[in-house]
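This report covers a ligand site, salt bridges, backbone geometry and a surface patch. The sequence and structure come first.

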Amino acid sequence: MFNEKLKIRFDYNNMMDKFVGVKEGISDEDIANNEQFAINAFNTFESIRGTGMTGWADLVNYNEQEINDIIKTANDIRKNFKNFVVLGIGGSALGPIAVFQALCHLHHNDLPDDKRNAPKFYVEDNVDPERMVALLDVINVEETMFNVITKSGSTSETMTQYLIINDLLTKKLGDNAKSHIITTTSSSKGNLIKISKKEGYKTYYIPDSVGGRFSELCPVGLLPAAVLGVDILEFLDGAKYMNERCSSGDLSKNPALMSALLSYIALQRGKNISVMMPYADGLKYIADWYCQLWAESIGKEVDKNGNKVFAGQTPVKSLGVTDQHSQVQLYTEGPFDKVTTFLAVDEYRKIVKIPDGCEDIPDVNFLCGHTMNELIQAERVATEYALTVKNRLNRTIYLPILNAYTLGQLLFFFELETAYMGEMLGIDTYNQPGVENGKNATYALLGRNGYDQKREELNNAPKKLDKYVI
Ligand code: PA5
């Protein structure tokens with residue numbers, strides 16, 4: 001039932017002392033000594049799976065009726081709209097961006113209409129006024145479907161964008177404006193659901209048990225993906241395959257559990273930074289998506305018992321080969337505070353040959369006859385080697401090819417790794433008090449009702465001193 005040929009592989013050789021030396025490396029004994037600890041984390045997660053905020057883990061058992069409805073809606077949009085714009089931020093934006101980059105043409109929006117098989121796609125995940133104006137310079141709202149995505153239904157950024165777009169649509173289209181807006185939000189909480197009901201918008205629901213950064217496999221990610229022509233059933237099946245592979249606490253079989261344990265041991269030994277380095281432009285924004293998942297889930301002041309732990313590992317994105325010429329110097333010779341995860345693809349979806357030329361210059365001509373595919377693979381292997389000989393922990397996740405099935409596996413791998421890591425650290429993986437605090441401060445600054453206390457808190461904060469501004 002699962003496609004073994006498209007199985008992604010987790011290679012952790014270069015995390016081990018045999019390869020990076022005994023001082024930095026993790027030994028077989030370290031893993032054996034922590035086996036029960038990992039099993040406990042696995043069991044704790046399994047015991048809460050599907051409850052509280054872990055509903056994301058059950059999204060692989062999708063509701064067929066809802067998926068069919070998404071596909072039907074997406075097909076209508078593909079036929080009737082030139083542009084599809086997501087209004088959302090954080091977990092309501094990073095997944096759609098990552099999937100777009102991974103599974104569509106790398107210059108999708110620039111393709112001529114007859115070569116682009118889906119609407120142009122934009123994700124507006126900021127409130128920079130210049131960007132809003134820039135968007136409106138390149139789209140005609142009358143030819144555009146807007147998907148407003150916010151679980152809480154109250155995030156200032158997204159609701160601001162909604163207000164601007166709705167105003168514009170209403171001025172141009174009157175009552176027909178509502179056929180240009182689809183909302184994706186909580187069915188029970190927040191303002192967007194109220195607005196959606198009042199206006200009669202087509203609405204998809206984000207289950208209450210699924211947090212923003214874990215929401216790519218629900219309508220948050222599935223509708224934009226389907227609009228882009230992604231086979232969302234393959235995507236979900238890929239995730240299901242990873243779920244199946246991670247269904248036991250056996251470290252030798254469960255790649256996400258092994259990955260979490262290695263991350264945990266590395267973190268205990270001062271590896272405070274996790275570098276995500278894909279060697280494929282298609283995977284570039286998976287690094288952004290991962291950064292949010294890892295940072296917001298693992299970065300916590302207190303553990304589940306309220307003890308101050310200041311847990312976390314700072315995620316950093318990097319792109320192979322581009323950042324070899326920018327960051328790899330630091331990674332190979334700087335502080336021993338990082339673990340690098342390479343994302344590799346066995347087979348790129350295109351092959352580009354390097355033609356003959358420069359016959360009189362052997363130092364250039366040696367490239368001729370090779371392919372860009374060979375070059376990028378050689379550079380990845382070379383960087384992996386450069387890190388390893390300098391005793392720098394690194395690991396590689398191989399995708400046989402980048403498609404919906406392997407991408408589904410990859411995203412679910414990271415979600416599970418994050419869940420296990422959270423249990424190992426004994427923290428609440430699914431809350432984000434730091435983010436909420438910033439959101440509340442914004443509400444207070446802009447005069448939202450009910451935020452007087454926060455406003456007072458901000459007013460009483462120490463005033464900045466001119467002497468420190470030069
Ligand atoms: O992961 C999270 O919960 C957050 O990053 C949210 O996705 C982000 O703050 C946006 O929230 P909302 O979807 O409620 O607008």
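Is phenylalanine 310 buried or exposed? Phenylalanine 310 is exposed, because its relative accessible area is 61%; buried means under 20% relative accessible area, exposed over 50%, and partly exposed in between (1.4 Å probe, protein chains only). The model is a predicted one, in which local features need pLDDT of at least 70, side-chain atom pairs count only at pLDDT 80 or more, and totals for chains, interfaces and linings use all residues. Residues are numbered from 1 along each chain as its sequence is written, and side-chain values use heavy atoms, with hydrogens and water left out.

**Backbone geometry**

Phenylalanine 310 sits in strand β9 (residues 308-311); helices (H or I, at least four residues) and strands (E, at least two) are DSSP runs, numbered from the N terminus. Its phi is near 45 degrees, a positive value in a residue other than glycine. Cysteine 358 also has a positive phi, near 50 degrees. Cysteine 358 belongs to the loop between β11 and α14 (362-365), and is partly exposed because its relative accessible area is 38%. The peptide bond from glycine 320 to valine 321 is cis, with omega near 0 degrees. Valine 321 is part of the loop between β10 (314-317) and α13 (328-333). Most residues other than glycine have a negative phi, and most peptide bonds are trans.

**Ligand site**

The ligand is surrounded by 14 residues, the closest being Ser92, Thr150, Ser152, Thr155 and Gln292; a residue counts here if one of its heavy atoms lies within 4 Å of the ligand. By class, this shell has one nonpolar, nine polar and four charged residues. In that scheme Ala, Val, Leu, Ile, Met, Phe, Trp, Tyr, Cys and Pro are nonpolar, Asp, Glu, Lys and Arg are charged, and the others, Gly among them, are polar.

An oxygen atom of the ligand lies 2.6 Å from a polar side-chain atom of glutamine 292. For glutamate 296, a polar side-chain atom is 3.0 Å from an oxygen atom of the ligand. Arginine 213 takes part through a polar backbone atom, 3.0 Å from an oxygen atom of the ligand. On its own the ligand has 380 Å² of accessible area, of which the protein covers 92%; accessible areas come from the Shrake-Rupley method with a 1.4 Å probe, and for residues only the protein chains shown count as cover.

**Salt bridges**

The structure holds 27 salt bridges, each a side-chain nitrogen of Lys or Arg within 4 Å of a carboxyl oxygen of Asp or Glu. Three of them are listed here.

| Pair | N to O distance |
|---|---|
| Arginine 9 and aspartate 346 | 2.9 Å |
| Arginine 49 and aspartate 58 | 4.0 Å |
| Glutamate 301 and lysine 308 | 2.6 Å |

Arginine 9 in strand β1 (residues 9-11) and aspartate 346 in strand β11 (residues 338-347) are 337 residues apart, so this pair links distant parts of the chain. Arginine 9 is partly exposed at 36% relative accessibility, and aspartate 346 is partly exposed at 37%. Arginine 49 is buried at 19%, while aspartate 58 is partly exposed at 32%. Glutamate 301 is partly exposed at 42%, whereas lysine 308 is exposed at 54%. Salt bridges that share partners also join Lys23, Glu24 and Lys271 into one network.

**Surface patch**

Leu445, Leu446 and Leu458 make a nonpolar surface patch of about 340 Å². Patches are made of residues with over 30% relative accessible area and no salt bridge, with like charges joined within 9 Å and nonpolar side chains (Val, Leu, Ile, Met, Phe, Trp, Tyr) within 5 Å. Leucine 458, in helix α18 (residues 452-459), is partly exposed at 32% relative accessibility.

Definitions and conventions. Polar contact = N/O pair within 3.5 Å; in protein donor to acceptor, adjacent residues only side chain to side chain.
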